[in-house]
Amino acid sequence: MATGFSKPPSSPASTDSSSSLLPASDCDQAYQQLSECFEDLPDPRGGQGVQHPFVSIVVIGLLASLGGAQGWEDIETYGLSHQDWLSSFLSLPSGMPTADTYRRVFERICPSAFERSFNHWLDQVVTTLGAQVIPIDGKQLRGSYDRNQDQSALHLVSAWASEYRLFLGQVKVADKSNEITAIPALLELLDIAGCIITIDAMGTQHEIARHIQAKEADYVLALKENHPTLFEQVEQWFETAEANEFKCIEHSYDARVEAGHHRREKRQVWAVSLQQMGPLYKQAQWKGLQTIVKVARTRHLWNKTTYEVMFYISSLPPNAQQLGKAIRQHWSIENQLHWVLDVTFGEDASRIRTGHAPENMAILRRWSINLLNQETSFKKSTRQKLKRASMDEAYMLKVLGASLPLQSSLSEA
């Protein structure tokens with residue numbers, strides 16, 4: 001007779017909880033090092049009626065974000081689902097906080113102080129950025145607007161270390177302002193000496209170029225119609241030079257062909273020094289300017305062929321291969337940060353919009369991306385890493401261990 005779904009006899013090994021398989025020393029170390037990141041973060045609550053330790057709330061918020069939590073109820077659910085494990089190393093005298101508790105706390109945490117906590121962690125991971133490309137770009141959190149409160153959507157300008165795949169920092173764009181004012185503030189927060197800063201046309205400003213040079217970094221800035229006189233002058237110069245096949249013009253050229261995802265793309269890069277081009281419009285106002293770059297992209301898709309031309313100004317020497325690589329890496333902030341935030345973390349769909357909560361949750365998401373990118377033993381997408389971290393406490397500890405030096409073999413496996 002069929003036994004159906006009869007439960008097999010339990011073995012002694014199967015009765016142990018998953019948390020008992022995790023080295024207590026690793027949990028304690030992870031908590032200790034995260035606590036050090038938050039030790040200077042002010043608790044925005046008053047002393048009366050406080051039931052839950054501040055650091056415990058923030059740590060659960062970070063771990064829940066690592067597990068894909070997109071709102072306050074998600075964070076509460078994560079905490080309840082892992083209550084035994086979390087209680088083994090967090091102080092939770094009144095049990096697990098509720099969704100309203102997380103909301104009230106993150107609405108009131110000072111974003112700049114929270115950013116400093118993130119930077120404390122980042123300093124443990126990266127001691128020096130080295131000579132690498134750092135794209136800077138803005139992103140709007142579309143769901144954070146509030147029509148009833150006449151509150152526009154939060155707009156953030158972020159910096160991204162392309163080689164390390166690390167989010168480096170962000171600055172909020174003030175209401176009724178734009179990225180031009182936020183970019184210098186962001187640059188001031190970063191140690192970018194020796195790096196190459198890439199910015200889209202919005203950031204192609206004299207003052208921003210001077211700021212980058214003052215920080216001992218180089219720049220590659222997109223040149224578009226927002227500088228019409230200079231743009232037309234450069235465009236006409238290259239048209240004439242190409243028509244004459246660059247005869248008697250010293251220049252650098254590089255061409256690359258890439259294929260994949262049902263498309264084939266050819267990128268051609270020309271780099272010319274200012275000495276070859278002659279005087280340009282308001283040339284002296286671009287601090288450190290050495291090179292003008294033209295990039296032509298021909299894309300063969302399954303149903304059409306597209307052709308695009310872009311121009312750039314740069315403080316780097318006219319090396320087409322180096323400049324083409326830097327320009328290509330600029331798009332990593334879109335593909336590896338902004339796209340992941342929207343598709344995997346659902347940032348654009350988030351309706352968190354009160355107090356400082358939108359900005360603080362944005363920091364948590366970006367911190368989570370950094371932590372997941374540092375863990376490389378699980379060769380899957382960010383989405384799959386996130387799902388595994390939400391379900392597997394041992395893997396969550398391994399993600400933390402990739403950035404926090406834990407001692408046991410579990411974090412190194």
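Predicted model: local features only at pLDDT ≥ 70, side-chain atom pairs only at ≥ 80, totals over all residues.
Student: Where does the charged end of Arg388 sit?

Tutor: Over the ring of Phe378. Here the distance from the centre is 4.6 Å.

Student: Now rings with rings. How is a pair of aromatic rings described?

Tutor: By two values: the distance of the centres and the angle of the planes. A search of the whole structure gives 17 aromatic pairs. One of them joins Phe38 and Trp367.

Student: Are Phe38 and Trp367 buried or exposed?

Tutor: Check the relative accessible area. Phe38 has 1%, so Phe38 is buried. Trp367 has 0%, so Trp367 is buried too.

Student: What kind of pair do Trp237 and Phe238 form?

Tutor: An edge-to-face pair. The centres are 5.1 Å apart, with 80 degrees between the planes. Trp237 counts as buried because its relative accessibility is 17%, under the 20% cut-off. Phe238 is buried, at 0%.

Student: Which residues form one aromatic cluster?

Tutor: Phe38 and Trp367 are in it, together with Trp72, Phe106, Phe114, Phe118, Trp121 and Phe167.

Student: Next, a charged residue. Where is Glu179, and how far away is the nearest side chain of opposite charge?

Tutor: Glu179 is in helix α7, residues 179-189. Its nearest side chain of opposite charge is Arg142, 10 Å away. A salt bridge needs 4 Å or less between the charged atoms. Glu179 is buried and has no salt bridge.

Student: What does Glu179 touch?

Tutor: Set aside residues up to four places away in sequence. Then Glu179 touches Gly138, His155, Val157, Val173 and Met202.

Student: Last one. Is Thr198 buried or exposed?

Tutor: Buried, because its relative accessibility is 2%. Thr198 lies in strand β4, residues 196-199. Beyond its neighbours within four places in sequence, its contacts include Val133, Ile134, Val220 and His330.

Key:
Residues numbered from 1 in each chain as written. Heavy atoms only, no water. Helix = DSSP H or I, 4+ residues; strand = E, 2+ residues; numbered from the N terminus. Buried < 20%, exposed > 50% of the residue type's maximum accessible area, 1.4 Å probe, protein only. Contact = heavy atoms within 4.5 Å. Lys, Arg positive; Asp, Glu negative; His and termini not counted. Phe/Tyr/Trp six-rings, centres within 6.5 Å; stacked < 30°, edge-to-face > 60°. Lys NZ or Arg CZ within 6 Å of the ring centre and 35° of its normal.
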